[in-house]
Structure formats: C-alpha cells, structure tokens
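Good morning, and thank you for coming.

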Amino acid sequence: MVLSCCAVGCKNRAGRGSVSFYCFPANQELREKWIAAVKRDGWQPTPYTRLCSDHFAKGHRDSNPLSPNFVPSIFHHTPTSLCGQYHGTEFCNPNWCGWPRPFPGVVDMFGGSVGLLEYRSAQLASRGFASLALAFFGYEDLPKSLEEFNITYFEEAVEFLLKHEKVCLLL
Ligand SMILES: [Zn+2]
C-alpha cells in the first residue's frame, strides 16, 4: 500500500523526498484538534490515514503541547482557483489563538524572485496572520520579467484579502 497524505490538495506520497507520514494521535483531544485542522467536512481518519510533515510549522511534529508543531497548521484550505484572476495561495491557521479573530492580512511578495513562493506565507500563517503568497512575474501567464507591471493586478489581490471573512486589516 502506498502511503499518501489526507490533507486536501497535498500530493505527498511515501518514498518521494524527505517527507514523514504520521498516524493520527490516539489521544482523543489531540486527535480532534488534528481533525479540525485538516478541515474536511464530516470526515474521520481511519487507522490507515496519514498526515504528512509538510503541515507542521517546522516541518515535523512535536510531542510538546506548547510547541506550534503539536497540531498541524499549514494547509491549502483555499484553492488558488478561488482567489480571482491573480496567481497566489492563501494561508491561514485555524488553530491560532494568539490574535483575536479575524486575522491581520499580509500580501506576501518577494522582491526579485521568480514564481510563486509559499514558504514565508506558511510561516506567517503559523504565527497568526492570514497571508496571501502572490506571484507577480515569471509564473504561468504573468509577465516574464520585472519590467512590466499592471497595477490592477495588485489591487485585485489586495481587494480579495480585504473582503475575506478571515481578514481584519491589511499590513
Ligand atoms: Zn500532506
């Protein structure tokens, strides 16, 4: 049997790269937290269900209840196709208790890096921000270089975040 990850949108399979696969915890309380984090409607894990290490803030789980890695927090809960015309991925941690909800929003762009880079947004989400990783050149049908810009592209991304039910203000 090939081990695969139960998170929606995650394509990790055992044997590819350095990803670990975890069983759901036996402890009922912690198990419920993991199930809530995975956010699949009316869904329960089986003894064969696995969650991969990519969904933990530091790339591995932790048995310390005070650690941000105790409960998985990094998911693609909103598919890119729902985000409008721009190319981006939204990250938000449903378990974060440090801020009052909704979350402060961030549009996350790298200065001169090509394509869609998601790791910083995932880290921001694990610390209580709703972060939109936004690609703005060198990705799919976007301009190939930094020289061409269409300002409405950025406006649309900002508007999406401002209107989002999980976002309270924009940083
Ligand atoms: Zn996964």
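The buried residues of helix H2 are covered by elements that include strands S3, S4 and S5. Which residues of H2 are buried? They are Ser-121, Ala-122, Leu-124, Ala-125 and Ser-126. The helix itself covers residues 119-126, and after H2 comes Gly-128, whose phi is positive, near 100°.

Let us turn to S5, which comprises residues 130-134. Why may we call this strand largely enclosed by the rest of the structure? The reason is that 5 of its 5 residues are buried. Burial is found on both faces of S5: Ala-130, Leu-132 and Leu-134 lie on one side, and Ser-131 and Ala-133 lie on the other.

Which way do the partners of S5 run? Strand S4, residues 103-108, is parallel to S5 and is joined to S5 by 4 bridges. Within this pairing, Val-107 has Leu-132 of S5 as its bridge partner. Strand S3, residues 88-91, is also joined to S5 by 4 bridges, but these two strands run antiparallel. Here Thr-89 has Ala-133 in S5 as its bridge partner, and Phe-91 stands opposite Ser-131 in S5.

S3 is itself covered on both sides. Gly-88 and Glu-90 point one way from S3, Thr-89 and Phe-91 point the other way, and all of these residues are buried.

Now consider helix H3, residues 151-163. With 13 residues at 1.5 Å a residue, H3 should span 18 Å; its end C-alpha atoms are 19 Å apart, which agrees. Which residues of H3 are buried? They are Ala-157, Phe-160 and Leu-161. These residues cover an arc of only 95° around the axis, which puts them on the same side of H3. On the face of H3 turned away from that buried side we find the exposed residues Ile-151, Thr-152, Glu-155, Leu-162 and Lys-163.

Let us step back to the whole protein. It has 3 helices and 6 strands, and from the N terminus on, the order of the elements is β-α-β-β-β-α-β-α-β. Of the 171 residues in the protein, 26% are buried. Among contacts with a separation of 6 or more, 62% are between residues 24 or more positions apart.

Finally, a word on confidence. The average pLDDT of the protein is 81, and 89% of the residues score at least 70. Among the elements, strand S1, residues 21-23, has the highest mean pLDDT, 94, while strand S6, residues 167-170, has the lowest, 72. Over residues 78-84 the pLDDT is below 50, and this stretch has 11 contacts in the model beyond near neighbours in sequence. Where pLDDT is low, predicted coordinates should not be read in detail.

S5 pairs with S4 in parallel and with S3 in antiparallel fashion, and 5 of its 5 residues are buried. Thank you for your attention.

Terms used
Residues numbered from 1 in each chain as written. Predicted model: local features only at pLDDT ≥ 70, side-chain atom pairs only at ≥ 80, totals over all residues. Buried ≥ 20, exposed ≤ 12 C-beta atoms within 10 Å, placed from the backbone. Pairing = 2+ DSSP bridges. Right-handed = clockwise from strand over helix to strand, strands pointing away. Contact = placed C-beta atoms within 7 Å. Expected span 1.5 Å × (residues − 1). Arc of directions from axis to C-beta. pLDDT = per-residue confidence, 0-100.
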